[in-house]
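Biologist: I have a few questions about this model. Can we go through them one by one?

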Amino acid sequence: MSGENDQTRGSDEAARDSGDGIRGVAPGTAPVPLSVLDLVTVGAGHTASDAVRTAVDIARTAERRGFHRYWVAEHHSMPGVASSSPAVLLAHLAAHTERIRLGSGGVMLPNHAPLVIAEQFGTLEAMAPGRVDLGLGRAPGTDGATAAALRRTERLHEGADDFPQQLAELTRFLDDSFPDGHPYARIHAVPGPVQATSPGGVQSRHRPPLWLLGSSGFSARLAGSLGLPFAFAHHFSAANTVPALDLYRASFRPSEVLSEPYALIGVAALAAEEEREARRQVLTGALSMVRLRSGRPGLVPSPEEAEAYPFSEVERGFVDNWLGNVVHGTPDAVRQGLDDLAKRTGADELMITANAHGGPARLRSYELIADAYGLPG
């Protein structure tokens, strides 16, 4: 037993030494910390198993090259996205990494009972002490019919409106802090802080930091009022980025978590040795979005299929607009684009998502971006 206690204390000390787990350090010549958002995409001709293996490769590459964190995002009923269960994926990735922060970008809280999420992420915290993030969104991460199947209710709008209450309940479960007399006062999320106060308990009260995610002003204002870190989906809502970050900063109230605002933005970016090759790769993601927006989601097409696709005039306009918000090209061009974006938005961290058909192109992109900023490894 003494050996187990020593090991537990060592893990707890490592968690404390990692600081608040929110603020990162800009690596190399990067203007801000760099992180990874992985949609665990499945390309045509590949399997979900291939996508998960690529996710492990990307997480290990990001860790080796000095990226700050690696997140996966909850999506449902999308053949080309294999990230329907963030907690399961993160457990797998925790077993294949050692230092990089792992988290959700995010879990769609209205789809779940808060106690279940507290238990899942308490378990992840036990697996990877001090390096787990819990990012939360209020959108369903899918279409309305699928959301109804997930939530077993047709009252989807009500679920979004209830988000602040769900968030408060989740926080209480994570902190084991329901007041006496509350119906849930005798319910404990395990693994969790209750184990620290049980007889003989040596469990740390540390739990995953909460992040709020958004693509508009609602979560920006809520994150600011609660003094929480905020992650904005610039990669699919670029027009709202600056207004949302301004609203977050204006709404911010210092908390026990943060004394000042901390905001990251998700950025679609892909680097290749040649500009034409980068264009070929990002076109696959653009065609995926065309099909998704028209109700025909599928596997991520190959570059050859995307190049040969007969885009209509309306579709071509959508693609041009979409690709205008994707930082792509040679490593130097991508570095300049990321630098400009960080300066224009004042983001405290850039979380890069590389959407392409195949794993090798995505892996190569992260390596090239790391090289462009002089990251180690």
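**Notes on a predicted model**

Modeller: This is a predicted model, so local features need pLDDT of at least 70 and side-chain atom pairs count only at pLDDT 80 or more, while totals for chains, interfaces and linings use all residues. Residues are numbered from 1 along each chain as its sequence is written, and side-chain values use heavy atoms, with hydrogens and water left out.

Biologist: Is serine 35 buried or exposed?

Modeller: Serine 35 has 0% relative accessibility, so it counts as buried (buried is under 20% relative accessible area, exposed over 50%, partly exposed in between, with a 1.4 Å probe and protein chains only).

Biologist: Which residues does serine 35 touch?

Modeller: Not counting residues up to four places away in sequence, serine 35 touches Phe67, His68, Arg69, Glu349, Leu350, Met351 and Ile352; contact means heavy atoms within 4.5 Å. A polar atom of the serine 35 side chain also lies 3.2 Å from the backbone nitrogen of arginine 69.

Biologist: Now alanine 113. Buried, partly exposed or exposed?

Modeller: Alanine 113 counts as partly exposed because its relative accessibility is 42%.

Biologist: How far is alanine 113 from glutamine 166?

Modeller: The two are 8.3 Å apart in space, C-alpha to C-alpha, and 53 residues apart in sequence.

Biologist: Different topic. What is the lining of the second largest pocket made of?

Modeller: That lining divides into 13 nonpolar, 4 polar and 5 charged residues. Ala, Val, Leu, Ile, Met, Phe, Trp, Tyr, Cys and Pro count as nonpolar, Asp, Glu, Lys and Arg as charged, and the others, Gly among them, as polar. A pocket is an open set of points on a 1 Å grid over the protein atoms alone, where a 1.4 Å probe fits, with protein on both sides within 12 Å along at least five of seven lines; lining residues have an atom within 4 Å of a point.

Terms used. Polar contact = N/O pair within 3.5 Å; in protein donor to acceptor, adjacent residues only side chain to side chain.
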